[in-house]
Amino acid sequence: MNSLSSMIEVADLTHSYGGKEILKGLNLSIARGEVFALIGPTGAGKTTLLRIIDLLETPGSGEIYFDGICVPRSGKQRLEIRRRMSFIHQKPQVFNSSVYDNVACGLRWRGEERDRIAEKVDGILETVGLEGYDSRDARTLSGGEAQRVALARALVLEPEVLLLDEPTANLDPVSTAKIEHLIGDVARRHNTTMIMATHDMAQGQQLADRIGVLIDGTLLQTGNATDIFRSPRNEEVAHFVGMENIIEGVVVANNEGIATVSVGSNPDGIGIQAVSNYPARQEVYACIRPEDITLAPMMHRSSARNSLQGRVARVASNGPLSRVQIDCGFRLVALVTRVSAEELNLQEGSEVYADFKATAVHIMERNASR
Ligand SMILES: Nc1ncnc2c1ncn2[C@@H]1O[C@H](COP(=O)(O)OP(=O)(O)O)[C@@H](O)[C@H]1O
Ligand SMILES: [Mg+2]
């Protein structure tokens, strides 16, 4: 890691609350202008990490580098560095005053001129789509509007680093889309470095250049969206990113990069074809995303494709999609459109073929280290 080229770097960061280790030796480097999404389940330590990066808390051990500067554990320099960052909370935070005053307050603290403040506030309210809201009492705003005020208040100060802690977790879909659009826009136009905690994987995928998966205080994997969603490093990451089918098996043959993995409890097992270089006898998990499985009434014969016979165990429809559990000698979950489930007349006990490409199977070593 090179701390000179990164905007934020954390090294061997550890933090405990009441004797319980919450962050366990994190190393992370975020480049200037990068949008980094921190994803992970509730309680993983996302907020704690953001608060430590924002210098609201001092870590138990480890270092933080801000723009190449090793941040001291106390003293005036911490405040100077804090001023170069802004933090957006999960719950929109507005002051008990007008929208204008909410946005202007930081500029006033900085002692900017009145006219200059007015110009900046007008500009930023337009950016967040709240022009004309100046005199509204901020407490009367909807959650989405309040979060846009919070963003305006942060952005008007032109922070070099913007930390966002699940900024849309409490918002409806329309407000969420507006905030996401705004975040994307700021990233593109202002080249602001952003670190955004989210448990919404689609949001991470849509907005971030790079994603880090934080589970139980450990950064288990960092990479681009394709790495994380298609090639999770271990079972915990696979689970979290929605690889619902994680099937235990053993490689029985490998023919020029197409592995045959024996799965299921039958003595002979069922063979799944997967693109992988693991050799015979390697113990693995075969991972398949449910949306990569299609269902058909007949076997589909084609190379580098799997077509497994099974019986429907359960169909659960939710909106336009149906989640179908199939017993193929092992359990497989497929996510298909409701229309196709109806066309196939899928019911408990129906015979069906589960179809998926060898390239849709991600092979993970069993007992892979964390
Ligand atoms: N101030 C605190 N005192 C004690 N425990 C805390 C405090 N803040 C967070 N924790 C604990 O630290 C863990 C991580 O919390 P948090 O960083 O909020 O996770 P996340 O944001 O990923 O949901 C949780 O188990 C939480 O209960
Ligand atoms: Mg949190």
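Analyst: A polar contact is here a pair of N or O atoms within 3.5 Å; within protein, one must be able to donate a hydrogen and the other to accept it, and residues adjacent in sequence count only if both atoms are side-chain atoms. This is a predicted model, in which local features need pLDDT of at least 70 and side-chain atom pairs count only at pLDDT 80 or more, while totals for chains, interfaces and linings use all residues. Residues are numbered from 1 along each chain as its sequence is written, ligands are numbered from 1 in the order in which they are written, and side-chain values use heavy atoms, with hydrogens and water left out.

The shell around ligand 1 (residues with a heavy atom within 4 Å of it) consists of Tyr 17, Lys 20, Ile 22, Pro 41, Thr 42, Gly 43, Ala 44, Gly 45, Lys 46, Thr 47 and Thr 48. By class, four of these are nonpolar, five polar and two charged, where Ala, Val, Leu, Ile, Met, Phe, Trp, Tyr, Cys and Pro count as nonpolar, Asp, Glu, Lys and Arg as charged, and the others, Gly among them, as polar.

Strand E2 (20–31) and helix H1 (46–53) each supply at least two shell residues, and H1 gives the largest share, three residues; helices (H or I, at least four residues) and strands (E, at least two) are DSSP runs, numbered from the N terminus.

Turning to the contacts, a polar side-chain atom of Thr 47 lies 2.8 Å from an oxygen atom of ligand 1. The backbone takes part as well, with an N or O atom of Gly 45 at 3.0 Å from a ligand oxygen and a polar backbone atom of Ala 44 at 3.2 Å from a ligand oxygen. Of the 570 Å² of accessible area that ligand 1 has on its own, the protein covers 58%, with areas taken from the Shrake-Rupley method with a 1.4 Å probe.
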